[in-house]
Amino acid sequence: MPHTPERTGEPAPFQPAVGDLVWDVASKRVGQVMDHRWARYQLRPPGGGTEWHAAPENVRPTRARQAPCAQCKRIKAERYEAERAGDRKAAAHAATEMGLHQRAAHS
């Protein structure tokens with residue numbers, strides 16, 4: 001029978017919930033947990049973007065739960081407005097802009 005943290009006295013591994021922000025050590029970026037399947041976490045950039053897979057041993061807690069900066073708020077508002085107006089091109093542009101901003105300013 002495999003050893004469990006309860007039996008070995010080791011601390012329980014970090015197990016984020018869907019919606020939590022985490023640090024992916026392998027890709028060196030912050031991601032929002034979208035799902036946990038096939039022994040991997042599915043993460044995406046905060047605010048939207050292309051998902052990626054992260055091994056559980058590479059996922060760490062992050063302090064990125066701070067209030068969003070003014071530029072994050074502006075980009076997010078632009079994306080929601082574009083989605084509400086049905087402008088998929090503008091919404092996609094805002095999502096890309098958010099990803100670039102997150103990487104440049106918050107990682």
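Guide: Two strands count as paired if DSSP finds at least two bridges between them. The model here is a predicted one.

Visitor: How many bridges join strand β1 to β5?

Guide: In general, strands of a sheet pair through backbone hydrogen bonds, either parallel or antiparallel. In this model β1 (residues 21–24) and β5 run antiparallel and are joined by three bridges. Within this pair, W23 stands opposite R60 of β5.

Visitor: In what order do the five strands form the sheet?

Guide: The order is β4-β3-β2-β1-β5, in an open sheet with antiparallel pairing. β4 (52–54) and β5 (59–61) are at the edges with a single partner strand each, so one side of each has no neighbour in the sheet. On average, neighbouring strands are turned by 55° against each other, ignoring direction.

Visitor: How many aromatic pairs does a search of the whole structure find?

Guide: A pair of aromatic rings is described by the distance of the centres and the angle of the planes. Searching the whole structure gives zero such pairs. The ring of W52 does have the charged end of R29 sitting over it, 3.5 Å from the ring centre.

Visitor: Is Q42 buried or exposed?

Guide: The cut-off for buried is under 20% relative accessible area. Q42 has 5% relative accessibility and therefore counts as buried. This residue belongs to strand β3 (residues 40–44).

Visitor: Which side chain makes a polar contact with the side chain of Q42?

Guide: That of H53, at 3.1 Å. A polar atom of the Q42 side chain also lies 3.4 Å from the backbone nitrogen of R37. Beyond its neighbours within four places in sequence, Q42 is in contact with residues including V33, M34, E51 and W52.

Methods
Residues are numbered from 1 along each chain as its sequence is written. This is a predicted model: local features need pLDDT of at least 70, side-chain atom pairs count only at pLDDT 80 or more; totals for chains, interfaces and linings use all residues. Side-chain values use heavy atoms; hydrogens and water are left out. Helices (H or I, at least four residues) and strands (E, at least two) are DSSP runs, numbered from the N terminus. Axes are lines fitted to C-alpha atoms, for helices over the stretch in contact, and angles run from 0 to 180 degrees between N-to-C directions. Rings of Phe, Tyr and Trp (its six-membered ring) pair if their centres lie within 6.5 Å; planes under 30 degrees apart count as stacked, over 60 as edge-to-face and the rest as tilted. A charge sits over a ring if NZ of Lys or CZ of Arg is within 6 Å of the ring centre and within 35 degrees of the ring normal. Buried means under 20% relative accessible area, exposed over 50%, partly exposed in between (1.4 Å probe, protein chains only). A polar contact is a pair of N or O atoms within 3.5 Å; within protein, one must be able to donate a hydrogen and the other to accept it, and residues adjacent in sequence count only if both atoms are side-chain atoms. Contact means heavy atoms within 4.5 Å.
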